[in-house]
Amino acid sequence: MFDFSVITNWFNNLLLGCMPEWATVLVECIVIAVILLAAYSVLAMFYIFYERKLCAYFQCRLGPMRVGPWGLMQLFADVIKMLIKEIISLKGTDKFLFKLAPYIVVAASVTVFACLPWGYGLQLINYNIGIFFMLAVSSLGVIGILLAGWASNNKYSLVGAMRSGAQMVSYEISMGLALLAIVCLAGTMDINELVWAQENCWFIFKGQIPAIIAFVLYLIAATAETNRGPFDLPEAEHELTAGFHTEYSGISFGMFYLSEYLNLFIVSGIASLMFLGGWMPFHIAGWDGFNNVMNWIPSIVWFLGKTFFISYIIIWFKWTFPRVRIDQLLAFEWKYLMPIALVNLCLMAVCVALGWTF
Amino acid sequence: MAVTIDDVKIKSMKTEDFKDNEYIEKLVEELNATGANVAVGKLDQLINWGISNSLWPLCFGTSCCAIEFMCLGAARYDMARFGFEVARNSPRQADYIMVQGTIVHKMAPALVRLYDQLAEPKYVIACGGCAVSGGPFKKSYCVVDGVDKILPVDVYIPGCPPRPEAMFYGLMQLQRKIKIQKFFGGVNRKEKIKDFFRKHPEDAGEY
Amino acid sequence: MSVKDKISKICPSATFEEGDVLLVNVPAEDWRALAEALKHDPELNFDVLSAVVGMDWKETLGVMYYFTATSRNWEMLSVKVAVADRENPYIDTVSDLWKVANFQEREVYDFYGIKFINHPDMRRFFLRNDWKGYPLRKDYDADPKLNPIPEDDEKNEDATVSYVKDPNGVIKPIPSRVFEMHDYVMNIGPQHPSTHGVMRFRVALNGEEVKKIDVVSGYIHRGIEKLCEELGYPQILHFTDRMDYMSAHQNRHCLCACIEKALGLQVPDRAVVIRTIMDELMRISSHLLAFGCTAMDLGATTAFFYGFREREMVLDIFEKTCGARMSMNYNVIGGVIADLHPDFVKDVKALLAIMPERLKEYHTVFSGNIIAKNRLHVGHLSKKDAINYCITGPSGRGSNWSCDCRKKHPYAAYDRVEFDEVLLDGCDSYSRYMVRMKEIEQSCRIIEQLIDRIPEGDIRAQVPKIVKLPVGHWYTQVEASRGTFGVYIESDGSKNPYRVHFQSPCFNLVGVMDLCCRGNMIADVITIGAALDFVIPDIDR
């Protein structure tokens, strides 16, 4: 397996050789920030394209075809257009909060994005409470949505934002509990250690039944967290026109749009980290030949492949299911999902205590 | 040095397949006469390429034409192929308003309001006989005889209702018109906003 | 005792005229007593108010009411009430007896300025509140300067008025309010993705719960009925295709049938069968669209595309024979305009062959889904309310009310085919939806029986170049895709009709929105609207 830290260490030493340490840190921070933001926007664009094409195939259509080969340039056209669209400032809005809201949403998702382990040695931040930190920061996004709804001075936005608040706060719980089950199995919250703990067997296999239940619970809760169908109530197009971002135009709307897709990547990334081994190739203990072949595939491909696969499932949900209603949504969480998640956590604890794991 | 445009091409349809190329040639001539410098001109072309390939419609249908518009989005015609598919329900995020169906007196102010709510650059397509001229209801006591009485229209699509193919043709015409618009120096947004507040003094309070 | 004797006993001043439907002439002051008897008297028991037609007979203004007695084999009765006062015409309301009259009377007020005593909410229905004049009166001043294209939005008028007669017989306006001062009112429409057009609902909310809905209509009111009065009979046919564009064939069939009834014209058998097949194809196409839109409004976008896929097949069949995908303009007075395309039978058979399998697929994709089921079990409408509000068509049959015109008084070729009237007793949106899906099967069954038995012969009867109807009035009903569609024609013997009224099913459907939605959530307003499946241009006309 190729260790990316070789490159990063080489770059670090190169800079240290020609400038003082504080300058090295500064330059590295800038380089990382640029790469991060570029990766963020490129991935978001890829995701928009990915979803459009996928939903077209679900619906017996072709999707974008004419702009560039297979419509690959479509997203660039969209971005150019979005950048030059007028940003309308409105009478009766809370100007400061109205402008602040999209930045909060983007900032929250960029921060989580930075924590994801991309490959062997390709990770920006590694805390000993990494997964905990990611959960905490990702839920900051809801503040942006609430602000957007409140500041817009529009009834649709307000109803959309309130729904969003209720929904995201509720589903956070089962999402946390589902991940806690895995933390219980792994015995660590450190992202790096989580990945290495899956060297011989991914958690979804290792934790057997409780892990599989946790995976399903997580997928449902994550879909709700990202405001995607069937839980897309905050922007329920057919009820609230565009929900909390009804009044946003141009690039402010673009930010909501990008962060929505990036959140999809992030929750899929967390799922692949926690259940499918992150960048860890598929290993079977004892089969050294097979494991070596798997190691030939670069770790970053493993990570992206797993993440895209999970995103595929979530997109599949969205285009298949009708939308639930707000009371059904909350009843589902509080009456079914959360109790199941709690029981599952206990089950996992029992399994771990008795050693019923692979 | 100035950039000149020789030909307006869009990928989806050949120039000679359009029935009316004269007007576009005239517009190109006009544009070339005023000219723009290289940097701005090239940037203009890039921006126009972006806008023309990412036209998001505002869902606005009043009658039969709206059903044909739904067919346009459905599997057989699939306007997503051209990048037109992201139909927005909020006027702030849409690029053009396709007036599908009759506009009556009661609806007219609401339509003008929707147009005002669209973010620049914005376009209007009058789709169907009713939107073009009032159609079969022209003589009625409360029908607006064509949306061009209340909005600046870019493209007219006749038909009752127009076939989806006709709607595509109209959209391609709009794409061509966008290709030769001037983004820098062409649209003076400040003037437009001032103009709007002259018309609606009650909204101007905070500006 | 016959209906005639009974009525003359209750109301001695009534006079009678025989016609296609028995007509009762009643003076305005006796009308209320008769109306109560018509509704409550067990021997009369006219439980359905089918149509309310405002009229201007130049010297008098008035209203024609059409009643149906469901208990007596759908016997019909018409009542004519006229007032001579053109400045302040007053007629007693019947909106408390037949709820359907609520909006109907507002429409009459809008068109003719007739005020209904004790009507709770006497506002204009289609036109703006600042509209000058009553457009369907014969002496209406159509000067565009009087009513220019408005520049400002209409103010939200919460104030309404009710005319009440005090004990001295003096009629006084009593002001009231649509919404209370502190209601949180959300505006849905006129431009909204789920109102299926330009309908506007003002919804008073309590959190997400709906307290009250005020229907504001008229955003696509094109004044078709007035336009008809200036055109000859063959020229008015095309308006019907543009009202409910999803029941274009049935609507036009109805108007043609009404004119043919007045002329006493015999339609060739081939045309009769072709009309029947076309009506049923139209019904399939309409219900497919209803399926797609319901699915899309509930958020299941993919199902929408599936519905449209099959709808394109129906449109292809129309296109080959009629020459257009929508607004077919196919029926004409005396028959149909063109003969069938050679591929017609083959194409229809191909459609029939795939439909059963596709219906199963729809169920798998959408209505079999637990989320869709839970979402659709809303909007309770009892059978009693359905009859009172005259909710016909699939929506009425979803409330277990047997109201199919094709069965009750068979027209065209419906008496020679076997089919079932689909009735479900769920009384909610899910039943309405399922009735539609099952009606597609029944339509296929009807077409299957007819497609190989299309008789040879003429496709239309000989009709004079200038069609002139004798003096009189006629009312005809057919079963359109969304319910009973009625056409009223009054003729003064000239080549233009004196008055044409279209009694559209969707007009009644929108009347129950308030009843069905109260106490439900905002999201349910969309669901209920989608399952009722109204088409706005049909309401506004």
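Me: Starting with a pair of helices: is the crossing of H9(C) and H14(C) left-handed or right-handed?
Reply: The crossing of H9(C) and H14(C) is left-handed. That word applies if the near helix is turned anticlockwise from the far one by less than a right angle, and clockwise would be right-handed. Helices here are DSSP runs of H or I with at least four residues, strands are E runs of at least two, and both are numbered from the N terminus.

Me: Before we go on, what kind of model is it?
Reply: It's a predicted model, where local features need pLDDT of at least 70 and side-chain atom pairs count only at pLDDT 80 or more, while totals for chains, interfaces and linings use all residues. Residues are numbered from 1 along each chain as its sequence is written, chains are lettered from A and ligands numbered from 1 in the order in which they are written.

Me: Back to the helices. At what angle do H9 and H14 of chain C pack?
Reply: About 160°, with the axes of helix H9 (residues 344-367) and helix H14 (residues 429-451) of chain C 10 Å apart. Axes are lines fitted to C-alpha atoms, for helices over the stretch in contact, and angles run from 0 to 180 degrees between N-to-C directions. H9(C) and H14(C) are therefore roughly antiparallel. The cut-offs are under 35 degrees for roughly parallel, over 145 for roughly antiparallel, 65 to 115 for roughly perpendicular, and oblique for the rest.

Me: Which residues of H9(C) and H14(C) meet?
Reply: Among them are Val345(C), Leu352(C) and Tyr362(C) on the H9(C) side, and Tyr433(C), Ile440(C) and Ile451(C) on the H14(C) side. In contact means that the C-beta atoms, placed from the backbone, lie within 7 Å. By class, this contact has twelve nonpolar, one polar and three charged residues. Ala, Val, Leu, Ile, Met, Phe, Trp, Tyr, Cys and Pro count as nonpolar, Asp, Glu, Lys and Arg as charged, and the others, Gly among them, as polar.

Me: And how do the axes of H14(C) and H17(C) cross?
Reply: They cross at roughly 30° and come within 9 Å. That makes H14(C) roughly parallel to H17(C). The crossing is left-handed here too. Ser429(C), Arg432(C) and Tyr433(C) from H14(C) meet Thr527(C), Ile528(C), Ala531(C) and Leu532(C) from H17(C).

Me: Let's do sheets. What order do the strands of the open sheet in chain B have?
Reply: S1-S2-S3-S4, four strands with parallel pairing. Two strands pair if DSSP finds at least two bridges between them. Strand S1 (57-58) and strand S4 (155-157) of chain B each have a single partner strand, so one side of each has no neighbour in the sheet. Helix H6 (residues 164-179) of chain B packs on the sheet, touching S2, S3 and S4, and its direction makes about 170° with that of S4(B).

Me: Where is Pro161(B)?
Reply: In the loop between S4 and H6 of chain B. The peptide bond from Cys160(B) to Pro161(B) is cis, with omega near -10°.

Me: What about the open sheet in chain C: which order do its strands have?
Reply: S1-S2-S5-S4-S3, five strands with mixed pairing. Strand S1 (15-17) and strand S3 (48-56) of chain C are the edges, and the twist averages 25° from one strand to the next. S4 and S5 of chain C run antiparallel, joined by nine bridges, and Phe67(C) stands opposite Leu77(C) in S5(C).

Me: How many residues of chain C are in contact with chain A?
Reply: 24 from chain C, against 21 from chain A. Helices H7, H8, H10 and H17 of chain C each supply at least two residues of the chain C side. That side has 13 nonpolar, seven polar and four charged residues.

Me: And how many residues does the contact between chains C and B take from each?
Reply: 35 from chain C and 39 from chain B. The largest share of the chain C side, four residues, comes from H8(C).

Me: Last topic, chain A: what pLDDT does it average?
Reply: 83, with 98% of the residues at 70 or above; pLDDT is the predictor's confidence in each residue, from 0 to 100. Asn227(A), in the loop between H10 and H11 of chain A, has a positive phi of about 55° although it isn't a glycine.

Methods. Two residues are in contact if their C-beta atoms, placed from the backbone, lie within 7 Å.
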